[in-house]
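Subject: Structure handover

Hello,

Here is the structure I promised to pass on. My notes follow below it.

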Amino acid sequence: MGALLTAQDGAAVAEERTGGKSPVLLVCEHASQRLPERIGSLGLSPDALSSHIAWDPGALAVCRLLSAALDATLVYQRFSRLVYDCNRPPEAESAMPQTSEIFAIPGNQGLTQAERDQRTQALYFPFRDHLAGLIQARQAAGIETVLVTMHSFTPVYFGKPREVELGILHDTDSRLADAMLAAGEQEQGIIIRRNAPYGPQDGVTHTLIEHGVKTGIANVMIEIRNDLIAEEDGQRVMAARLARLLDYGLAALANDKNKDLGSGMSADGAHR
């Protein structure tokens with residue numbers, strides 16, 4: 001089976017603000033609703049393909065504003081999660097979902113292993129390898145790195161409204177999430193929750209585990225209710241809010257690191 005992406009499709013992954021000075025490395029796995037030319041429409045209507053099942057509306061726009069505000073490098077996937085969800089490992093059924101909420105995905109029904117492998121090779125591996133290589137290069141150069149992944153979620157899921165407006169998610173490393181949640185207690189006019197509307201039990205922390213927990217760098221996943229970032233004004237307000245929370249989180253991490261060093265303990269918790 002040949003390559004999935006054509007020359008017209010371009011690369012699977014994109015990077016912006018290369019060399020940004022912030023320790024924050026922004027990642028947006030569900031940035032685009034675009035489908036590769038050879039995939040067609042997956043049997044879905046234009047309305048379905050523009051809805052939240054195909055991408056995270058507003059997430060990339062917020063990432064770009066936050067990237068500019070912090071001077072942070074941004075890495076994102078250029079194709080729809082319906083073809084391959086880069087926040088899932090290849091063995092996960094949800095990497096190429098047969099259904100999403102109330103929608104069946106005809107083009108994902110009955111995929112052969114060869115077809116799954118083709119999508120994995122075209123979309124997941126380039127994304128994973130690009131992100132891993134960037135983190136390794138930053139670590140080798142002694143550049144502090146904090147992984148921040150950006151997502152949005154629908155305000156109504158299976159007919160049930162969601163009260164939470166901003167979710168701060170983490171897996172086994174909660175350092176940055178804890179600090180941001182502490183800062184969030186001072187934020188007015190928004191409902192912020194830990195590991196909501198999803199959490200590790202839902203299989204949504206793959207990127208955090210693969211590129212954060214396994215490498216030892218602090219990490220956090222942000223989920224924004226997408227009605228809050230449907231327009232430019234809302235995107236700017238949310239980006240400014242997240243910049244405040246991240247600034248506080250970074251300061252807290254730095255303070256904890258200095259305390260460890262001052263007590264004769266290294267940042268990884270080992271006595272030196």
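I start with helix 5, which spans residues 206-213. Its buried residues are His206, Thr207, Leu208, His211 and Gly212. What covers them? Part of the cover for the buried residues of helix 5 comes from helix 3 (113-140). Strand 6 (146-153), strand 9 (166-169) and strand 11 (219-225) are also included. Please keep in mind that this is a predicted model.

Now the chain as a whole. The protein chain has 6 helices and 11 strands. Its radius of gyration is 19 Å, close to the 19 Å from the globule rule for 272 residues, so the chain is as compact as a globular protein of that length. Along the principal axes, the C-alpha atoms fill a box of roughly 60 × 40 × 30 Å.

How much of the chain is buried? Buried residues account for 52% of the 272 residues. Taking contacts between residues at least 6 apart in sequence, 81% join residues at least 24 apart.

Next, the surface and the charges. The protein chain exposes about 12300 Å². Carbon and sulfur atoms supply 51% of that area. There are 25 positive and 34 negative side chains. The centres of these two sets lie 2 Å apart.

Last, the aromatic rings. A pair of aromatic rings is described by the distance of the centres and the angle of the planes. The count comes to 3 aromatic pairs.

- Tyr124 and Phe125: the ring centres are 5.7 Å apart and the planes stand at 55°. Tyr124 is buried, at 4% relative accessibility. Phe125 is partly exposed, with a relative accessible area of 23%.
- Tyr157 and Phe158: the ring centres are 4.8 Å apart and the planes stand at 80°. An angle over 60 degrees counts as edge-to-face, so this pair is edge-to-face. Tyr157 is partly exposed, at 29% relative accessibility. Phe158 is exposed, at 52%, where the cut-off for exposed is over 50%.

Which residues do ring pairs link into a cluster? They are Tyr84, Tyr124 and Phe125. The cluster therefore includes the buried Tyr124 and the partly exposed Phe125.

Best wishes

Terms used: Residues are numbered from 1 along each chain as its sequence is written. This is a predicted model: local features need pLDDT of at least 70, side-chain atom pairs count only at pLDDT 80 or more; totals for chains, interfaces and linings use all residues. Side-chain values use heavy atoms; hydrogens and water are left out. Helices (H or I, at least four residues) and strands (E, at least two) are DSSP runs, numbered from the N terminus. The radius of gyration is taken over C-alpha atoms; the globule rule is 2.2 Å times the number of residues to the power 0.38. Buried means under 20% relative accessible area, exposed over 50%, partly exposed in between (1.4 Å probe, protein chains only). Contact means heavy atoms within 4.5 Å. Accessible areas come from the Shrake-Rupley method with a 1.4 Å probe; for residues, only the protein chains shown count as cover. Lys and Arg count as positive and Asp and Glu as negative; His and the chain ends are not counted. The place of a charge is taken as NZ of Lys, CZ of Arg, CG of Asp or CD of Glu. Rings of Phe, Tyr and Trp (its six-membered ring) pair if their centres lie within 6.5 Å; planes under 30 degrees apart count as stacked, over 60 as edge-to-face and the rest as tilted.
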